[in-house]
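Hi,

Here is the structure I promised to pass on to you. Have a look through it first, and then read my notes below.

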Amino acid sequence: MPINDLLNFWKSDDATAANFFAWRTLPPRAAQTRLIPSDVPDTLSSALISAGIHSLYAHQYDAWTHARAGENIILSTGTASGKTLAYNLPILASLLEDANARALYLFPTKALAQDQLSNLTTLIPDSWNLTHAIYDGDTPQANRSIIRKNARIVLSNPDMLHTGILPHHTNWLEFFANLRFVVIDEAHTYRGVFGSHVANIIRRLKRVAKFHGTNPQFILASATIGNPKELAETLIEQPVQLIDNDGSARGARHFIIYNPPVVDQALGLRKSSLMEGVRLAQDLLNHDVQSVVFARSRRSVEMLLTYLGGGKKKEESFDNEVFPLSSFVRGYRSGYLPSQRREIEKGLRDGSVKMVVATNALELGIDIGGLGAALLVGYPGSISSARQQAGRAGRGLNAAVSVMVASANPLDQFLAHHPEYFFERSPEQALVNPNHLLILLEHLRCAIFELPFTRSDTFGSIDANTLEEFLNFLTSNNEAHLSQEKYFWMADSYPAANISLRSASPQSFVLHVTIDDQTQIIGTVDGESAVWMVHPGAIYLHEAQSFLVENLDLENHIAQLKPFASDYYTEPLRSTTIEVLGVSDETIERNANKFWGELKATTQVTGFMKRRWMTQEFLGQETLDLPPSDLQTTGYWFSLSEKALSHLRDTGAWSNDPNHYGADWGRIRDKVRARDQYQCQVCGAIESTRQHDVHHKTPFRSFNGDLTRANRLENLSTLCSSCHKKVEQNVRMRSGLAGLAYVLGNLAPLFLMCDPSDLGTHIEPIESKTFGLPTVVLYDLVPAGIGFSQKLFEMHNELMARAFELISQCGCADGCPSCVGPGGENGSGGKNETLEILKLVK
C-alpha cells in the first residue's frame, strides 16, 4: 500500500525520522453494529438496503431510539462516522409517516449544504415525493417561492435564517406550521461570537415556530469537543441527550508530531515549518498518497501552493502566469469563488486532484472522499480542530496518517515537547454567551421586527422583567413603541441586515482584476481583513497567482488589482493604543496586580514590509495612510508591583526604561551627520525635509550606561529612516516584558477554544497614565468581548507557571521564536529578563 511505503520511507530517512518528536498509532477498530430497527418504515428500510446499508452503527441506532422517543439529541462522534445518516434516518421516517411534516437543516457553510443535498438526493427516491432544496443567498429568486411552498426539507445556514427566512416568516406559513425537526450540523463551530449570535437566532426560530403552533425537535451533530451536551443545551436552551459512543469501523491511524530541525542552536532557530511542510508534501505526492495540507492562514495556503507548483490548470491561467502550475495540486480557502471550490471538491472525490492545500474551510464534513494523509502545517489553534483536520485522512478500514509540523510558535513548541497535552488532554470547551449584551440587543431588535412582544413574554433564558427593561430601552431609543401592552418595531431600518453574525464588517470587499481591458472578479475579502490584506501596494496571492493591489476603495468596498510577477511578498505593519474604560474585577497577586475590565483598542495599519520569496530577506518598507479602527472590548491585564520593578532594576534585569543619550547628544548627533555629509551610509540618500537618524552600531544598552563608550564617533552612523528601521531589526533588543507578552499571547489559546488571532496583546513598558506601572495586556478581539480575557484573568497563576515552564525548557541561548520571540540577528532576545519577571510573579 502507498501509505505503508511512505511510512517505511520516513522511518528510514535520517533527514525525516530524527525530527519525529511523537508517533502514536491507533489500532484498527471493528464496527459495533445493530440490526436496522423493526420500526423503520419499509420503504426507508428498502432504500437503505439499496444503498448497501444492511445494519446501523451503535451510535446511529441510539440516535434513532432517542429521536423516535421525541428527545433532542447531539451526536458527538469522529469524522466520517456516519452522523449524517444518524440524523437523516429518524427525520425521513417521520416525513414519510406524516405527509405535511417539514424539516430545517442548518449548516455553517454553503458548501456543506451543497454536499448534504447530494447525500439526500442519493438516498431519497423520486417516488417518495420528499422535495428537498437549498435556500441560501445563491438560490435564484425565481426558485424561492416554489421552495417555500413545496420543500419538505430545507437546507440553509444561520446567515440566511437570520436575514432571509425569519424576518419574512409570513411567507413560510405552511413550512413553520408543520416544522417537526431542526438539524444543527457541525455544532462545534457555533462558539464564541458566531455561536452567541446563532443561539439568539435559535431563540427567534423557536419563537416564530411557537407563533405558528409548532415546537420542533432538535438534532445536533458535532466533532469531538470537551462539552458537547453543555454547548447543545446552551444553543437550544432545552434538555439534550448526548450520544458519543462511536460505533464506526476504523483502520489504523497514525499521528505524528514533526518538529523541524534546529539550524542555529544559540539562537534556537529551526527550519521553516512551511518549507518542511513542502518537503513532506512532496513525499506524499511522490508516493501517490492523496492528501490534504492544512495551513493556518489564507496567505500560507498561497505560499504553499507556490512552492508546490500548484494552482489553476493551464487552460484557466491568467496571462501573467509566473509559476509552473499543476492541476494535481489545488488550493481551497475562503475568497475562492463557489464554482472553483465545487470543482476542487469533485476532483478530490474522483481522484483527479492528488493534493489540496486548504485553510480550515475543509475542516468541516464536506465529502472529499477517503484521503490517505492529512498534513497540518502548524498547530491549528485547538485540540478539537487538530483532531478534526487529522480526521479528514482515512475512511473505513484503510490505514491513514496525519502529521503535524510544529512551527516556531511557542504553543507549537510546547506541544512538540509535551505531546501528552495533545494526545491525552480533553478537547477544549466551546464557549458561548447568548446573553452578551450587544449581541442580545441586536437580536431583540430582529425579534420585535418579526413579532411584537407582550409584557409577559420571555426570550430564551431572559425572564419577563429583564426583557421588559431591554424593551423599554429600545422604546426610549425610538426603535420600538408600546401600544396596548405590546412592543412593536417602529424604526425604518431592517435590523437583520445590519448585523454580521461573525462580528466582521457586514460588507465584504470585492477583488477586481483587469486583464486586456476586461474586469474579472477573482474573489472577496471580509471587511475587517481588507485594510491589512489588500491595502495599496500589497501583494495578494490567489491560487498561486501574484497580484499587486493598485487601489482600495473603502467607500465602495472594491479592491483593484493587477497581475504582477513578484519576487517578494508583503506583511502589514500595525500600531495599537489601549485605553481603560472601566475595571470589573481586580486582585493582588504575587508581585503584580491583575485586572479584568473594559478597554478600547485603537489599531491602525501604518505601512507594510516587503520580504523576498524563499529567503524571507527584508527588502524595505513603505508607509500607508489608512483610517484607524476602534474596538471596545474586554481585557485582562497585570501590572508589576513597585517592589518587583525595583528588584528587576537592581539586578540588571530591566531594559524598558528609555535611553538617555546624555546632555551632549544633540551636538554629537549634528557632528556625525556633518561628518557623513548628511548622507545615508547604507543607501546614499541625501537629507531633504526630514533629518536623517544617527544610529548606534553596537546597541546603546550594551554599554550599561557608559555614555563615553556608547557615543564614540566610530560607533555612530547616519542612516535614513528606512535603512535605520532595517538595521534596528538586526540589532533589536527584546525586553523581558515584550517577551512575556509574546509567550502569553501564543500560549493562551491552549487553555481557550480560540485562535491566537482571537486575542490581542499589548505592553506598556514604562509607567503611564493609563496603567500606572509597566503592564502586559491581553484582550478579546471581539466587540464587547466574549469571555476569553475573563477566563485568562481567572487562570492567571496557571498561565504564569506554564509560561515559565515553556521558556525554561527551551534550548535557545537568549530568546527565539519558540519562547519569548527573537531579538535581532546581532541583538538580544530578552529570555533571561522574561524568566526573572516570571520568577517574581508565578
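A definition to start with: the expected span of a helix is 1.5 Å times one less than its number of residues. Keep in mind that this is a predicted model.

Now try that rule on helix α5, which covers residues 83-97. With 15 residues, α5 should span 21 Å, and its end C-alpha atoms are 22 Å apart, so the two values agree.

Is α5 mostly enclosed or open to the outside? Here a residue counts as buried if its relative accessible area is under 20%. Twelve of the 15 residues of α5 are buried, so the rest of the structure largely encloses this helix. Among them are Lys83, Tyr87, Asn88 and Pro90, along with Leu85, Leu89, Leu92 and Leu95.

Next, find the open sheet of three strands, in the order β19-β21-β20 with antiparallel pairing. The edges are β19 (453-454) and β20 (480-483); each has a single partner strand, so one side of each has no neighbour in the sheet. β19 is joined to β21 (residues 486-489) by two bridges, and these strands run antiparallel. In one of the residue pairings, threonine 454 has lysine 486 in β21 as its bridge partner. Lying across β19, β20 and β21 is helix α18 (residues 437-450), which runs at about 100 degrees to β21.

Happy exploring!

Notes:
Residues numbered from 1 in each chain as written. Predicted model: local features only at pLDDT ≥ 70, side-chain atom pairs only at ≥ 80, totals over all residues. Heavy atoms only, no water. Pairing = 2+ DSSP bridges. Helix = DSSP H or I, 4+ residues; strand = E, 2+ residues; numbered from the N terminus. Contact = heavy atoms within 4.5 Å. Axes fitted to C-alpha atoms, helices over the stretch in contact; angles between N-to-C directions. Buried < 20%, exposed > 50% of the residue type's maximum accessible area, 1.4 Å probe, protein only.
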